[in-house]
Amino acid sequence: MVFNYILRSLRGTNLEVFKFGMYLAFPIGYMYYFGTNLENRFSVHGFWPTQEQSHKIPFEKDELEAEVRRIQENMRRQKEWKAAQEQQQQQQQ
């Protein structure tokens, strides 16, 4: 009986207003449901690195120089390794 009343009253303009309300309500409802309490609902323990595990950006001059030396040393080692690999390949041929 209530269902028939709803069907009779939702015609024409009332139906369009109801559909428009649903078009607005569903996305807002989804955003509210999935947007609240994210820390507890979708959290994975240990996913993000801790402060101690993350990279520390150097700010002092000594720290910057040490970081530049470290990067240059890594690049030098990579060049030496690539040269050694190429030399091995040439010897095998």
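This is a predicted model: local features need pLDDT of at least 70, side-chain atom pairs count only at pLDDT 80 or more; totals for chains, interfaces and linings use all residues.
**Helices, salt bridges and a nonpolar patch**

Reader: Why is Gly 35 called partly exposed?

Author: Its relative accessibility is 44%. Buried means under 20% relative accessible area, exposed means over 50%, and partly exposed is in between (1.4 Å probe, protein chains only). So Gly 35 counts as partly exposed.

Reader: What element holds Gly 35?

Author: Gly 35 is found in helix 2, residues 13-35. A helix is a DSSP run of H or I with at least four residues; a strand is a run of E with at least two; both are numbered from the N terminus. Gly 35 and Lys 19 are 16 residues apart in sequence, and their C-alpha atoms are 24 Å apart.

Reader: What does the record say about residues 20-38?

Author: An unreviewed UniProt entry annotates them as "transmembrane region". UniProt positions follow the numbering used here, feature names are shortened, and annotations may be inferred rather than shown by experiment. In the model, residues 20-38 are 89% helix and 0% strand. The end C-alpha atoms of this stretch are 29 Å apart.

Reader: What makes the nonpolar surface patch?

Author: Leu 15, Phe 18, Met 22, Phe 26, Tyr 30, Tyr 33, Phe 34, Leu 38 and Phe 42 make it, at about 900 Å². Patch residues have over 30% relative accessible area and no salt bridge; nonpolar side chains (Val, Leu, Ile, Met, Phe, Trp, Tyr) are joined within 5 Å, like charges within 9 Å. Areas come from the Shrake-Rupley method with a 1.4 Å probe, and for residues only the protein chains shown count as cover.

Reader: Which helix gives the most to the nonpolar patch?

Author: Helix 2 does, with seven residues. Phe 26 lies in helix 2.

Reader: Why is the contact of Glu 67 and Arg 70 called a salt bridge?

Author: Their N to O distance is 2.5 Å. A salt bridge needs a side-chain nitrogen of Lys or Arg within 4 Å of a carboxyl oxygen of Asp or Glu, so the pair qualifies. Both residues sit in helix 4 (residues 61-92), three residues apart, so about one helical turn separates them. Glu 67 is partly exposed at 21%, and Arg 70 is partly exposed at 41%.

Reader: How many salt bridges does the whole structure have?

Author: The search finds five.

Reader: What salt bridge does Arg 76 form with Glu 73?

Author: The closest N and O atoms of Arg 76 and Glu 73 are 2.2 Å apart. Arg 76 also meets Glu 80 in a salt bridge, at 2.4 Å. Arg 76 and Glu 80 lie four residues apart in helix 4, about one turn. Salt bridges with shared partners join Glu 73, Arg 76, Arg 77 and Glu 80 into one network.

Reader: Is Glu 80 buried, exposed or partly exposed?

Author: Glu 80 has a relative accessible area of 44%, so it is partly exposed.

Notes:
Residues are numbered from 1 along each chain as its sequence is written. Side-chain values use heavy atoms; hydrogens and water are left out.
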